[in-house]
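Thanks for asking me to look this one over. My notes are below, in the order in which I would go through the model with you.

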Amino acid sequence: MLLESERVLLVEYGKKLITNRLTTGTGGNLSIFNRDERLIAITPTGLSYFNTEPDDIVVLQLGGEIVEGKRDPSSELPMHRFFYHHREDINSLVHVHSRYATTLSCLRWELPAVHYLVAFAGDKVKCAQYATFGSEELARNTFEAMKDSKAVLLANHGLLAGGKDLPTAFAITEEIEFCAEIYYHSKCIGDPVILPDSEMDIVAEKLKRYIRKNRITEI
Ligand SMILES: [Zn+2]
């Protein structure tokens, strides 16, 4: 079986999307790009995460040709391919319909540096222009809005995060959803103070050192 360890990780983290309340039903998708093999492993379309087994994962070439798989790949495959083609720093993507990030995306707001943990993604998380799910246009819009960042909101849709590996992409997803929730709550009762870019630069460096020292993952 091709990319067996990647398949096992995708199955494990797919379940975490549901148990950590980051998405509902079959919403969202995950993938890993093995740069040495030049192959993508991605979750299938329309299958519950708790019913997904390693052999349900679809393995494709960067060009989109299926190499191994009995199911259709996620409908957001164009978005995953586009990033792996153009972003050398990203080898895994997590896409979810999490409640608070999606709420902001429906307002077409960006997520500013309301909490220092926004630094997991960058100075802020922008909102990409709307395009229909699964379209090439959505892939381009998302890529454009995620330049200089590790996460992006998809207008009227959800959240996308990317990292050097799946645990990293998942950690960014969790932290950005947490920050979106905090932004929502603070906007409900007042006018949150946003951290300046200069402070976010300091936080980003410190966060990198902390993560490296504790061997959590790397951003
Ligand atoms: Zn989606």
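The points below go from the sheet to the helices, the zinc site and a few backbone details.

1. **Ground rules.** This is a predicted model, in which local features need pLDDT of at least 70 and side-chain atom pairs count only at pLDDT 80 or more, while totals for chains, interfaces and linings use all residues. Residues are numbered from 1 along each chain as its sequence is written, and side-chain values use heavy atoms, with hydrogens and water left out.

2. **The sheet.** Eight strands make an open sheet with mixed pairing, in the order β4-β3-β2-β1-β5-β8-β7-β6. Helices (H or I, at least four residues) and strands (E, at least two) are DSSP runs numbered from the N terminus, and two strands pair if DSSP finds at least two bridges between them. At the edges stand β4 (66-68) and β6 (127-128), each with a single partner strand, so one side of each has no neighbour in the sheet. β6 pairs with β7 in the parallel sense over two bridges, and Ala-128 has Leu-154 of β7 as its bridge partner.

3. **Strand β8.** In β8 (residues 158-163), six of the six residues are buried; buried means under 20% relative accessible area, exposed over 50% and partly exposed in between, with a 1.4 Å probe and protein chains only. Gly-158, Leu-160 and Gly-162 point one way, while Leu-159, Ala-161 and Gly-163 point the other way. In a regular strand the side chains alternate between the two faces of the sheet. β8 runs antiparallel to β5 (residues 92-96), with five bridges joining them, and pairs with β7 (residues 151-154) in the antiparallel sense over four bridges. Leu-159 is a handy landmark: it is the bridge partner of Val-96 and also stands opposite Leu-153.

4. **Strand β1.** Here too, six of the six residues are buried. Asn-29, Ser-31 and Phe-33 point one way from β1, and Leu-30, Ile-32 and Asn-34 the other way. Four bridges join β1 to β5 in an antiparallel arrangement, and another antiparallel pairing, over four bridges, links β1 to β2. Ser-31 stands opposite Ile-42 in β2.

5. **The zinc site.** Which residues hold the zinc ion? The protein donors are His-95, His-97 and His-157, each through NE2, at 2.0 to 2.1 Å. Donors are N, O and S atoms within 2.8 Å of the metal (3.2 Å for Na, K and Ca), and water is not among the atoms, so sites may look incomplete. In sequence the spacing is H-x1-H-x59-H. His-95 is buried at 1% relative accessible area, whereas His-97 is partly exposed at 30%. His-95 also ties the site to the sheet pairing, as the bridge partner in β5 of Asn-29.

6. The axes of α1 (residues 4-19) and α5 come within 11 Å and cross at roughly 10 degrees, which makes the two helices roughly parallel. Axes are lines fitted to C-alpha atoms, for helices over the stretch in contact, with angles from 0 to 180 degrees between N-to-C directions; under 35 degrees counts as roughly parallel. Leu-9, Leu-10, Tyr-13, Lys-16 and Leu-17 of α1 meet Leu-166, Pro-167 and Phe-170 of α5, where contact means heavy atoms within 4.5 Å. α1 also lies across β1, β2, β3 (58-61), β4 and β5, at about 155 degrees to β1.

7. **Tyr-184.** This residue sits in helix α5 (residues 166-189) and is partly exposed at 35% relative accessibility. Leaving aside neighbours within four places in sequence, Tyr-184 is in contact with Tyr-100 and Thr-103. Tyr-184 and Gly-63 are 121 residues apart in sequence and 39 Å apart in space, C-alpha to C-alpha.

8. **Positive phi values.** Arg-21, in the loop between α1 and β1, has a positive phi of about 55 degrees without being a glycine, and is exposed at 55% relative accessibility. Arg-38 takes a positive phi near 60 degrees in the hairpin of β1 and β2, which has four residues between the strands; Arg-38 is partly exposed at 43%. Asn-156 has a positive phi of about 50 degrees in the turn of the β7 and β8 hairpin, with three residues between those strands.

Technical notes
Parallel < 35°, antiparallel > 145°, perpendicular 65-115°, else oblique.
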